[in-house]
Amino acid sequence: MPEVKDNPYKVAYERERNARLKAEQLLEDKSRELYQQNRRLEESYDQLQQQQTALVQSEKLATLGTLTAGVAHEINNPLAYVISNVSAAKEYIEAYDQLVKFVQQHDLASLMPEALQQEWDSLQETLDLAFIQEDYPGVIEDTQEGLDRVRDIVHSLRSFSRVQEGEREPADLVEALKSTLRLLNNELKNRVRISLELEPLPLVRCNLNEINQVFTNLIINAVHAMRDQPRAELKVSSEVQDGYALISVADTGCGMTQDVVKEIFTPFYTTKPVGEGTGLGLSITWGIVQDHGGEIQVESEPGEGTRFLVKLPLAKA
């Protein structure tokens, strides 16, 4: 029987078969390489999208910071006049009210000539003094509440624009957390069960006033999220990891969808009813943390509560 090498057809077949196997192997190698490159490209694209989102958010905050600083300044001055004048008007009205009540209690109108007495009775009826005496305290109170809300909004705008910069120095974040919780005691007591797991932390170089505002915003946000929950528990913890101080604020509230999570740091975005939120609290929080070289992460599911994780770099020795 002749050997393969002596048969030209067999030789051609083997040569073609080997060439086909090499081509298939090359195609498989190139396909695998192309798949891996495509995966790397998708990962790079996702990273670019995240970076672009962060950049857009940063630019948006910077622009709004400039605008809100001017708006806050323009509103703050006339607002101070209005608050002062309403306070003075309240005192003036109370003085007139005391005078009218004095006349009524001592029936001084009966000592007047009959013509003046009739005019006095007519004025009381025409001006409806009884209704004014009953209604004006509520009107003044509502006005004062409205002005206080405007003042709080202006304060938030000023904080958002960070026009009041302070020096940064090493600070104990655990003590800052405890201080914030003490200040918010009236907001928390009888409403929320508090669980603390606070490990000692190395000092963090920061503007303590701003960091306290971060803690305040996150805790109040958590309390509001648990408003209608039968099991309201606030868990605050701290730890050190990879050169960062980690502060976690978790609640058992209503939670958020991922669509809401994507928007919560957007200025003026709020899920609260009209009149209950400015939509600046978490934007301010995000800006402060970013400005300190840190990160803030959110984990949330509807009906499962929300957890905010703040990462701040430790002070260098």
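Predicted model: local features only at pLDDT ≥ 70, side-chain atom pairs only at ≥ 80, totals over all residues.
Two strands are taken to pair if DSSP finds at least two bridges between them. Strands of a sheet pair through backbone hydrogen bonds, in either a parallel or an antiparallel arrangement. Both arrangements are described below for strand 4.

Strand 2 and strand 4 run parallel and are joined by six bridges. Within this pair, Leu-196 has Val-236 of strand 4 as its bridge partner. Ser-195 also belongs to strand 2. Its relative accessible area is 17%, under the 20% limit, and Ser-195 is therefore buried. Beyond residues up to four places away in sequence, Ser-195 touches Glu-233, Leu-234, Lys-235 and Val-236.

Strand 4 (residues 233-241) and strand 5 (residues 244-251) run antiparallel. Eight bridges join them. One of the pairings is that of Ser-237 with Ser-248 of strand 5. The two strands form a hairpin with two residues between them. Asp-242 lies in this loop between strand 4 and strand 5. Its phi is positive, near 50°, although the residue is not a glycine. Asp-242 has a relative accessible area of 71% and is exposed.

Val-240 is found in strand 4. At 38% relative accessibility, Val-240 counts as partly exposed. Leaving aside neighbours within four places in sequence, Val-240 is in contact with Pro-200, Leu-201, Pro-202 and Leu-314. Lys-311 is 71 residues from Val-240 along the chain. The C-alpha atoms of Val-240 and Lys-311 are separated by 9.3 Å.

Two packed helices are described by the angle between their axes and the distance between the axes. For helix 4 and helix 6, the angle is about 55° and the axes are 10 Å apart. That angle makes helix 4 oblique to helix 6. The crossing of the two helices is right-handed. Helix 4 contributes Leu-173, Ala-176, Leu-177, Thr-180 and Leu-181 to the contact. Helix 6 contributes Leu-208, Ile-211, Asn-212, Phe-215, Thr-216 and Ile-219. By class, eight of the contact residues are nonpolar and three are polar. No charged residues take part. An α-helix has 3.6 residues a turn, so residues three or four places apart point the same way.

Helix 8 (residues 281-291) presents a further case of burial. Eight of its eleven residues are buried, so helix 8 is largely enclosed by the rest of the structure. The buried residues are Leu-282, Ser-283, Ile-284, Thr-285, Trp-286, Gly-287, Ile-288 and Val-289. Gly-293 follows helix 8 and has a positive phi, near 75°.

A positive phi is also found at Asp-128, which is not a glycine. The value is about 55°. Asp-128 is in the loop between helix 2 (114-127) and helix 3 (129-161). Its relative accessible area is 39%, and Asp-128 is partly exposed.

How values were computed: Residues numbered from 1 in each chain as written. Heavy atoms only, no water. Helix = DSSP H or I, 4+ residues; strand = E, 2+ residues; numbered from the N terminus. Axes fitted to C-alpha atoms, helices over the stretch in contact; angles between N-to-C directions. Parallel < 35°, antiparallel > 145°, perpendicular 65-115°, else oblique. Left-handed = near helix turned anticlockwise from the far one by under 90°. Contact = heavy atoms within 4.5 Å. Nonpolar A, V, L, I, M, F, W, Y, C, P; charged D, E, K, R; others polar. Buried < 20%, exposed > 50% of the residue type's maximum accessible area, 1.4 Å probe, protein only.
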